[in-house]
Amino acid sequence: MTTTPFQARFDAAMAGLPLIAILRGLRPEEAEATGTVLHEAGFRLIEVPLNSPQPFDSIAILRRSLPQDTLVGAGTVMQAAEVERLEALGAELVVTPHADTAVIAAAARSGLICTPGVATPTEAFAALAAGATALKIFPAELVGPNVMKAMRAVLPPGTRLLPVGGITPGNMEPYLEAGAAGFGLGSALFKPGMTPGEVAARARDFVAAWARLHPGRRTA
């Protein structure tokens, strides 16, 4: 795992509510209101996948409008040039669907938090060697808690594993029992066209589920 200038903020976000909001399909005009309700619910990790409409505009708006305790960035990052653009925007978070070591290394050089997608031990070790901060277990439906637990047993102690794909408030527990450090939340949290109120309600459901699974843990 690589330490970055944003490590302390990432650690704080993970200690509070280790749930990454994946806002696929977010439009720039929705960004500030959506980000605000997520922050109010306790979310401190937010990504806009780059296959969304005008994603860099949305990321810029989120970064400008949210407090610095929130890490903002992009998902579905596929090229090193996109990392440079994120750095220029003041973003802190780079999430990839795959273990592209060139993209991971570019993020590490820029000092950004990078959570690449992995589905095998080979990908996981390559990602860590390239400079990954944490590992996105993707797709979680395919890997499953048992496989993730087996991977965790051979990875360096302290490696944070974040299942992504099909995660709901009702299915987090088996992954947590297998050693997940947190989760990435997609369509169960946000879908294009949702109102801020609808997003807020779903965010509260996830926060309540996390609090139920981790009683006494800070969630905001």
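User: What should I know about the model and the numbering?
Analyst: The model is predicted, so local features need pLDDT of at least 70 and side-chain atom pairs count only at pLDDT 80 or more, while totals for chains, interfaces and linings use all residues. Residues are numbered from 1 along each chain as its sequence is written, and side-chain values use heavy atoms, with hydrogens and water left out.

User: How many cavities of 30 Å³ or more are there in the whole structure?
Analyst: The search finds 1. A cavity is a set of points on a 1 Å grid over the protein atoms alone where a 1.4 Å probe fits but cannot get out. Volume is the space filled by probe spheres set on the points, which are joined across faces, edges and corners.

User: Which residues line the largest cavity?
Analyst: I20, I22, E47, V95, T115, K136, L162, V164 and G184; lining residues have an atom within 4 Å of a point. The space in the largest cavity is about 40 Å³.

User: And how much space lies in the largest pocket?
Analyst: About 280 Å³. Its lining has 19 residues, and I22, R24, V164, G186 and S187 are the closest to its centre. A pocket is an open set with protein on both sides within 12 Å along at least five of seven lines.

User: Switching to helices: at what angle do α4 and α5 pack?
Analyst: Helix α4 (residues 80-89) and helix α5 (residues 101-110) pack at about 25°, with axes 8 Å apart. Helices are DSSP runs (H or I, at least four residues), numbered from the N terminus. Axes are lines fitted to C-alpha atoms over the stretch in contact, and angles run from 0 to 180 degrees between N-to-C directions. α4 and α5 are therefore roughly parallel (angles under 35 degrees).

User: Which residues make the contact?
Analyst: A80, V83 and E87 of α4 with V103, A106, A107 and S110 of α5, contact meaning heavy atoms within 4.5 Å.

Note on methods: Helix = DSSP H or I, 4+ residues; strand = E, 2+ residues; numbered from the N terminus. Parallel < 35°, antiparallel > 145°, perpendicular 65-115°, else oblique.
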